Amino acid sequence: MIAHAPGIDPAYTKGMSSSAPSIFSKIVSREIPADIVMENDRLIALRDIAPKAPVHLLVVPKTQQYANVAELAADDPQLLAELVAMAQELASEHANGEFRLVFNSGETAGQTVFHVHAHVLTGGLDEGSLAG
Ligand code: 5GP
């Protein structure tokens with residue numbers, strides 16, 4: 001067992017990213033406001049603050065332990081399946097049930113929040129438009 005100095009984030013001492021609450025964790029805890037459109041015990045869905053489509057929602061696991069979709073798929077494929085099912089339900093509720101699902105994975109792929117989340121884009125997409 002590795003001992004950690006009090007007050008030092010163990011993730012930091014291992015050279016990993018800080019475990020300070022992400023923007024989405026702050027939304028989950030209602031520390032910051034958001035337009036939340038669906039929620040269950042493991043997932044939350046909200047409107048993106050800078051929409052790239054007529055309907056642009058984010059589906060986010062409540063845990064921030066996974067930085068990206070590959071980590072989520074490797075460790076909790078059931079939660080990933082639940083996330084996809086929620087995306088389908090949202091697309092049916094907010095549009096015609098068809099949707100584009102985007103996971104930006106890594107900074108050079110456009111990821112800015114390192115707490116895994118899916119972009120659900122629907123409601124009339126321009127040909128070739130992708131969330132960036
Ligand atoms: P990424 O670039 O990491 O794939 O996606 C992060 C998304 O979160 C962006 O589309 C961005 O507009 C959205 N976003 C960032 N901060 C907030 C916020 O405070 N509230 C909401 N609703 N969306 C946010």
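**Exercise 1.** Is Arg30 buried or exposed, and why?

*Solution.* First, the ground rules: this is a predicted model, where local features need pLDDT of at least 70, side-chain atom pairs count only at pLDDT 80 or more, and totals for chains, interfaces and linings use all residues. Residues are numbered from 1 along each chain as its sequence is written.

Next, the cut-offs: 20 or more other C-beta atoms within 10 Å of a residue's own make it buried, 12 or fewer exposed, and anything in between partly exposed, with C-beta atoms placed from the backbone. Arg30 has 9 other C-beta atoms within 10 Å, so it is exposed.

Then locate it: Arg30 sits in the loop between helix 2 (23-28) and strand 1 (36-39). Helices (H or I, at least four residues) and strands (E, at least two) are DSSP runs, numbered from the N terminus.

Finally, look at the backbone: phi of Arg30 is near 65 degrees, positive although the residue isn't glycine.

**Exercise 2.** Work out how exposed Asp126 is and where it lies.

*Solution.* Start with the count: Asp126 is exposed because it has 9 other C-beta atoms within 10 Å. Asp126 belongs to the segment after strand 5 (118-122).

**Exercise 3.** In what order do the five strands line up in the open sheet?

*Solution.* Read the order as 1-2-3-5-4, with antiparallel pairing; two strands pair if DSSP finds at least two bridges between them. Strand 1 and strand 4 (100-102) are the edges, each pairing on one side only. Zoom in on strands 4 and 5: three bridges join them, and Val102 has His119 of strand 5 as its bridge partner.
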